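Here is a short walk through one protein model, written for someone who likes cut-offs spelled out. Have the sequence and the coordinates open as you read.

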Amino acid sequence: MLPQAILIDGTTGHLAPFTGRYQKRLSELERIFQDEEGRDRDVRMRGDPLVYEVMEYREEGSDLFFGTTTIFPGKVGNEFYMTRGHFHRRRDMAEVYYTHHGTGVLLLESRTGQSELVEMHPGLCAFIPPDWAHRSINVGDDRLVFVWVCNPQAGHDYAEISSCGMRRLVIDDPSGYRVVDNPSFRMASP
């Protein structure tokens, strides 16, 4: 393993070089938004818009890897575009997010029911403690671009959030955004 310089475009989230990349379109985000009919309509009427993209840089054998997430501006109903949200498979591993561009919020939830919200704006670095679910939400009119760093063994566990939802929703409001209880949330089985 040798030292490496990776160029990060803070406006687009593009990495050079990168070792992995994926995109999530609106059609792939079932059961994320409250307004499923609105999501389906947006997929049909707007040509299945791109919601977010992840690029990563990983060196085999390293205890760290990193990348960028770019969330595009948009809404389904009164909910802003967001990531799926996940826990880490390894419950003892944390993560950090450093915001380069745009305006967003990081919604976090512990398995014991505690919810927290961290603002995301350029220059802010958010610490995500071990065993906290996290979802990033673009509440602005431009791309939200952030760099993330974690241990590759942390893994992603999307199942609980996919089946139960998160306790809170971030919705559009005349003042910008508002956090409300999720009427569709249900507790996970122990």
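## Ground rules

Helices (H or I, at least four residues) and strands (E, at least two) are DSSP runs, numbered from the N terminus. This is a predicted model, with local features needing pLDDT of at least 70 and side-chain atom pairs counted only at pLDDT 80 or more, while totals for chains, interfaces and linings use all residues. Residues are numbered from 1 along each chain as its sequence is written, and side-chain values use heavy atoms, leaving out hydrogens and water.

P17 sits in the loop between β2 (15–16) and β3 (20–25). The peptide bond joining A16 to P17 is cis, with omega at about 0 degrees. For background, most residues other than glycine have a negative phi, and most peptide bonds are trans.

Further along, R31 lies in the loop between β3 and α1. R31 isn't a glycine, yet its phi is positive, at about 60 degrees. R31 is also exposed, at 54% relative accessible area. As for the terms, buried means under 20% relative accessible area, exposed over 50%, and partly exposed in between (1.4 Å probe, protein chains only).

## Helix α1 and what follows

Which residues of α1 are buried? In this helix (residues 36–46), they are G38, R39 and D42. Viewed down the axis of α1, the buried residues fall within an arc of 100 degrees, so they line one face of the helix; the arc is that of the directions from the helix axis to the C-beta atoms. E37 and R44 are exposed, on the face turned away from the buried side. Among the things covering the buried residues of α1 is β6 (75–76), where contact means heavy atoms within 4.5 Å.

Just after α1 comes G47, with a positive phi of about 75 degrees. D48, in the loop between α1 and β4, has a positive phi too, about 55 degrees, although D48 is not a glycine. At 18% relative accessible area, D48 is buried.

Leaving out residues up to four places away in sequence, D48 touches R25, L26, S27, D42 and V43.

## Strand β5 and its neighbours

β5 (residues 65–71) has 6 of its 7 residues buried, so the strand is largely enclosed by the rest of the structure. Strand β4 (residues 50–57) runs antiparallel to β5, joined by 6 bridges, and Y52 has I71 in β5 as its bridge partner. β5 also pairs with β13 (residues 144–150), antiparallel over 7 bridges; there, F65 is partnered with C150. Pairing requires that DSSP finds at least two bridges between the strands.

## Aromatic pairs

The whole structure holds 4 aromatic pairs. In the pair Y57 and F66, the ring centres are 5.7 Å apart and the planes at 40 degrees, so the pair is tilted. F65 and W148 pair edge-to-face, 4.9 Å centre to centre with 75 degrees between the planes. This second pair links distant parts of the chain, F65 in β5 and W148 in β13, 83 residues apart. Both F65 and W148 are buried.

Rings of Phe, Tyr and Trp (its six-membered ring) pair if their centres lie within 6.5 Å; planes under 30 degrees apart count as stacked, over 60 as edge-to-face, and the rest as tilted.
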